[in-house]
Amino acid sequence: MNWQPIETAPRDGTSVLLINRNGDIAAGLWLSDARGTGWFLAGGNKPAALFNNNHGPTHWTRLPAVPPLGAR
């Protein structure tokens with residue numbers, strides 16, 4: 001994976017892979033809404049769990065391509 005500094009990540013709602021200083025990896029996206037502004041974990045049909053300064057992402061990379069439907 002080609003990890004980039006978090007400062008270069010898209011902030012337009014695009015989902016990306018995020019990694020924090022503890023090595024935790026999750027899909028997430030940048031949002032600004034009633035819950036706050038920042039990096040949110042992506043999952044289900046709505047993002048949740050705002051990353052905070054204590055465990056916020058330090059780097060990002062694009063999500064891998066989705067395999068073809070029916071692939072095993």
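Strands are DSSP runs of E of at least two residues, and helices are runs of H or I of at least four, both numbered from the N terminus. Two strands pair if DSSP finds at least two bridges between them. The model is predicted: local features need pLDDT of at least 70, side-chain atom pairs count only at pLDDT 80 or more, and totals for chains, interfaces and linings use all residues. Residues are numbered from 1 along each chain as its sequence is written, and side-chain values use heavy atoms, with hydrogens and water left out.

The chain averages a pLDDT (the predictor's confidence in each residue, from 0 to 100) of 83. At least 70 is scored by 79% of the residues. Confidence is highest in strand S1 (residues 4-5), at 97. Strand S5 (residues 48-50) has the lowest confidence, at a mean of 61.

Strand S2 (residues 16-20) is largely enclosed by the rest of the structure, because five of its five residues are buried. Buried means under 20% relative accessible area, exposed over 50%, and partly exposed in between (1.4 Å probe, protein chains only). Val16, Leu18 and Asn20 lie on one side of S2, Leu17 and Ile19 on the other. S2 runs antiparallel to S3, joined by four bridges. Here leucine 17 stands opposite alanine 27. The hairpin of S2 and S3 has four residues between the strands, and its glycine 23 takes a positive phi near 85 degrees. Four bridges also join S2 to S6, again antiparallel. Leucine 18 faces tryptophan 60 across this pairing.

S3 (residues 25-33) continues to S4 (residues 36-41) through a hairpin with two residues between them. Six bridges join these antiparallel strands. Leucine 31 stands opposite glycine 38 in S4.

The largest nonpolar core has seven residues: Ile6, Ala9, Val16, Leu18, Trp30, Trp39 and Trp60. Such a core is a set of buried Ala, Val, Leu, Ile, Met, Phe, Trp, Tyr and Cys residues joined through side-chain atoms within 4.5 Å. Alanine 9 touches Trp39 and Trp60 (heavy atoms within 4.5 Å), not counting residues up to four places away in sequence. Tryptophan 30 and tryptophan 39 are both buried. The charged end of arginine 11 sits over the ring of tryptophan 30, 3.8 Å from its centre. This term requires NZ of Lys or CZ of Arg within 6 Å of the ring centre and within 35 degrees of the ring normal.

Arginine 62 lies in the segment after strand S6 (57-61). Arginine 62 is exposed, with a relative accessible area of 56%.
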